[in-house]
Structures are given as structure tokens and as C-alpha cells.
Amino acid sequence: MTSTILHLSEPYGAVTCQRQGPEIGNGAPVVLIHGVGMQSAAWAPQIAALAETHQVIALDMPGHGGSAPLPDGAELPDYVAWLHAVLQAMDLGPVSLAGHSMGALIAGGYAVCHPERTARVALLNGVFRRSPEARAAVEARAAEIRAGSFDLETPLIRWFGDTAADQAARAQVAEWLSGVNPQGYAAAYTAFARGDSTYADGFAGITCPLLALTGDGDPNSTPGMAQMMADAAPQGRALVIEGHRHMVNLTAPAAVNAALRVWLNTEGATS
């Protein structure tokens, strides 16, 4: 695996990423974007599996890992613009784009705004058109985080069950959350809280293959949301993995990797 630092012009600054593949320059590109509080290493099971056939690029989101934060007040479109700047700097053609949680919001927004540069898109544990009650709850959490309240235990309880696989993943995720940049975390969580409907109306224009995947026990990125995303896109498909919650890519890596391989082999109008 190769660690790379890109130096973009303002307002983006440094962007860190992990790259792995058959050989640098060979293999179609797959770009991975993690969720709030995580880092590119959260994709380790997918990087290892997909790099057998593809050039995999896992990005650190702004304000996470080694990537510089966005300016204060950034909203979801600013993160989508950041991704566009990164992909232009890497001089990549159409990419297969996968995102988890906040990364799914960015990936979905990118597919809406840049369909010509998106070969296919996978949205793992994404949110879509929250109910008024769910939106109020997540916006309240965002306000608490901006005020400096960092509750590590509550998200871990939501994200993980009691199985051995869940507990092993929970320990690693807790370490990432504990080390996250507070300002980067607060900014991204605020954009996440406000972004569930930002690009929802544009899903009808996503003509490439779209996979919406979640766990049946995820209370916030629900199976119903995955189905709505799939139904909204002409080539959408929903997949619900039973017995798992929010960090399904870490707790059920074999099932997620199998689903992503099928997705990568699905041909579409822009593939």
C-alpha cells in the first residue's frame, strides 16, 4: 500500500490517501470515502480485497486522518466540491465511487453533480430523506458536538452488537474516534446532519449502476432508506445484510466485499 499526500490549492490544502492495486496506473480506479470520525484505514478489508483487480484509492475526508479541514461553515456541497478537486488533481477518468455514511452522502452528491465522471456509485449505510424526528435528533447531536461535547460511547452502542466480530471492530473504531480532530469532526458531522436531502431529488439523474447497502440493525441508515435510494435511481439496487449495524464493512467484510465485486462488474451507460 502506498500513502500519498496531495497538495491542493486553497481552500483544500493537504489531502492524504492510501493507494493499492495490481500496479500503480493499472486497473480501473475505485475511490473510497469513509464516514465521520473515521479515516481511510476504516476501508482496510475492502482495500485488500478490491486491490486484487482494481486500483483502490481510499481518501481521508477533510479534517480527518492527514487531510486538512474545510473552512468553517462548510456544508455537503463543499465536501462534494472537495472530492471533485481531488479527483481532478489525480487526473482520474470516470471512477467507481463508494462511500460509507457521510462518505455515502458525498459519493451520492458527486454522482448527481458529475455523472460523466462517475462509472458507478455504492452507498454504504447512507442516509436519505430522514424523518422530521430523526433529523431533529441528529441536528441536536451536531449542536452538542459543535459546543464541545464529545460522547464516544453513544455512537459505539448504536453502531455495534455483541458478537466477537462487532467487538473487535468496535475497539478499532473507538481508537479512531478518540483520536479524531475535534474541529474536523464537528464540521463534518454538521454537514452530515444537514445533508440527507441535499441531493435526493437528483438521484433520478444517476444513470450509472447504484448500490445502496446497509445492515438490518442500523437504526439511522435504515433498510428503508437504502430501498428509497435504489428506487430513486434508474439502475439502483438495494442490499440489506442481516445481523449487522452501521459499520457493516468492518463487521461483515466478506459479504460487503462480495457485494462490491458484483457492483464493480455491473455494466451501465457510463461504465
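The axes of α2 (residues 76-89) and α3 (residues 102-113) cross at roughly 70° and come within 9 Å. Here axes are lines fitted to C-alpha atoms, for helices over the stretch in contact, and angles run from 0 to 180 degrees between N-to-C directions. Helices (H or I, at least four residues) and strands (E, at least two) are DSSP runs, numbered from the N terminus.

Before going further, a word on what you are looking at. This is a predicted model, where local features need pLDDT of at least 70 and side-chain atom pairs count only at pLDDT 80 or more, while totals for chains, interfaces and linings use all residues. Residues are numbered from 1 along each chain as its sequence is written, and side-chain values use heavy atoms, with hydrogens and water left out.

Back to the helix pair. From α2, the residues Leu76, Tyr79, Val80, Leu83, His84 and Leu87 meet Met102, Leu105, Ile106, Gly109, Tyr110 and Cys113 of α3, where contact means heavy atoms within 4.5 Å. The residues of this contact comprise 10 nonpolar, two polar and no charged. In this scheme Ala, Val, Leu, Ile, Met, Phe, Trp, Tyr, Cys and Pro are nonpolar, Asp, Glu, Lys and Arg are charged, and the others, Gly among them, are polar.

Now follow the chain to Gly35, in the loop between β3 (29-33) and α1 (44-50). Gly35 has a relative accessible area of 2% and is therefore buried (buried is under 20%, exposed over 50%, partly exposed in between, with a 1.4 Å probe and protein chains only). Beyond its neighbours within four places in sequence, Gly35 is in contact with Met61, His64, His100, Ser101, Met102 and Gly103. Gly35 and Gly103 are 68 residues apart in sequence, yet their C-alpha atoms are 5.0 Å apart in space.

Strand β5 (residues 95-100) holds Ser96, which is buried because its relative accessibility is 4%. Not counting residues up to four places away in sequence, Ser96 touches Pro29, Val30, Val31, Ala119, Arg120, Trp263 and Leu264.

On a 1 Å grid over the protein atoms alone, a cavity is a set of points where a 1.4 Å probe fits but cannot get out, a pocket is an open set with protein on both sides within 12 Å along at least five of seven lines, and lining residues have an atom within 4 Å of a point. Grid points are joined across faces, edges and corners, and a volume is the space filled by probe spheres set on the points.

The largest pocket has a volume of about 460 Å³. Its lining has 30 residues, with Arg141, Pro155, Arg158, Trp159 and Tyr189 nearest the centre. Helix α4 gives the most to this lining, with six residues, and the lining of the largest pocket has 16 nonpolar, eight polar and six charged residues.

The second largest pocket holds about 190 Å³, and α7 supplies the largest share of its lining, five residues. Asp72, Gly73, Gln183, Ala186 and Ala187 lie nearest the centre of this second largest pocket.

Finally, the structure has three cavities of 30 Å³ or more, and the largest cavity has a volume of about 90 Å³. Helix α3 returns here, giving the largest share of the lining of the largest cavity, four residues.
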